[in-house]
Amino acid sequence: MPAADNPSGSTVTFNTVYTDLKCPQCQSPIDSGVGFRVGALENRSYRLGDALNWEGANCRPSQRPQDGGLRTVGYFNCDNPKCPTWNDCFPEVQCALIVITDNRIAEVSVYNGVSGEGKFEILEGSEIG
Ligand SMILES: [Zn+2]
């Protein structure tokens, strides 16, 4: 589970995608997945290529995009306690960019853009370089 509590301290429901993403610092596989908040928010586990589920009371955004595509920031932490991202037994939260195409999880990559931690931004196309 990535550390993805929101700053207010309330519980955040999110989905998790498991991919072959590697830690940019130590190249360890990210076995604990990437937390993200699009589709029906229901603590569902996805894999690359899976279709997003929109059947649920709590969807983000509230409606499935017309063209089935969007980009969002997700969060993960390295699972290797010897990684430089670990401090005092806690891993640093890192960002990933999740690309949804035709309502399927097309791509998950390390995201180096500016992102407020825990905000799970949904990015418009113009915000990606
Ligand atoms: Zn690492």
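Helices (H or I, at least four residues) and strands (E, at least two) are DSSP runs, numbered from the N terminus. This is a predicted model, in which local features need pLDDT of at least 70 and side-chain atom pairs count only at pLDDT 80 or more, while totals for chains, interfaces and linings use all residues. Residue numbers start from 1 along each chain as its sequence is written.

View 1. From the N terminus on, the order of elements is β-β-β-β-β-β-β-β-β-β-β. The chain has 11 strands and 0 helices. Of its 129 residues, 29% count as buried; a residue is buried if 20 or more other C-beta atoms lie within 10 Å of its own, exposed if 12 or fewer, and partly exposed in between, with C-beta atoms placed from the backbone. Two residues are in contact if their C-beta atoms, placed from the backbone, lie within 7 Å. Among contacts between residues at least 6 apart in sequence, 63% join residues at least 24 apart.

**View 2. Strand β9 and its pairing with β6.** Two strands pair if DSSP finds at least two bridges between them. Strand β6 (residues 70–76) pairs with β9 in the antiparallel sense, over 7 bridges.

View 3. Strand β10 (residues 104–110) runs antiparallel to β9, and 6 bridges join the two. I98 has V108 of β10 as its bridge partner, and I100 stands opposite I105 of β10. The two strands form a hairpin with 2 residues between them. In the turn, D102 has a positive phi of about 50 degrees.

**View 4. The largest nonpolar core.** A nonpolar core is a set of buried Ala, Val, Leu, Ile, Met, Phe, Trp, Tyr and Cys residues joined through C-beta atoms within 7 Å. The largest one holds 24 residues, of which V17, V34, F36, A96, I98 and V108 touch the most other members. At least two residues of this core come from each of β2 (34–36), β6, β9 and β10. Strand β9 gives the most, with 5 residues.

**View 5. The surroundings of A96.** Leaving aside neighbours within four places in sequence, A96 is in contact with L21, V34, G74, F76, V108, S109, V110 and Y111.
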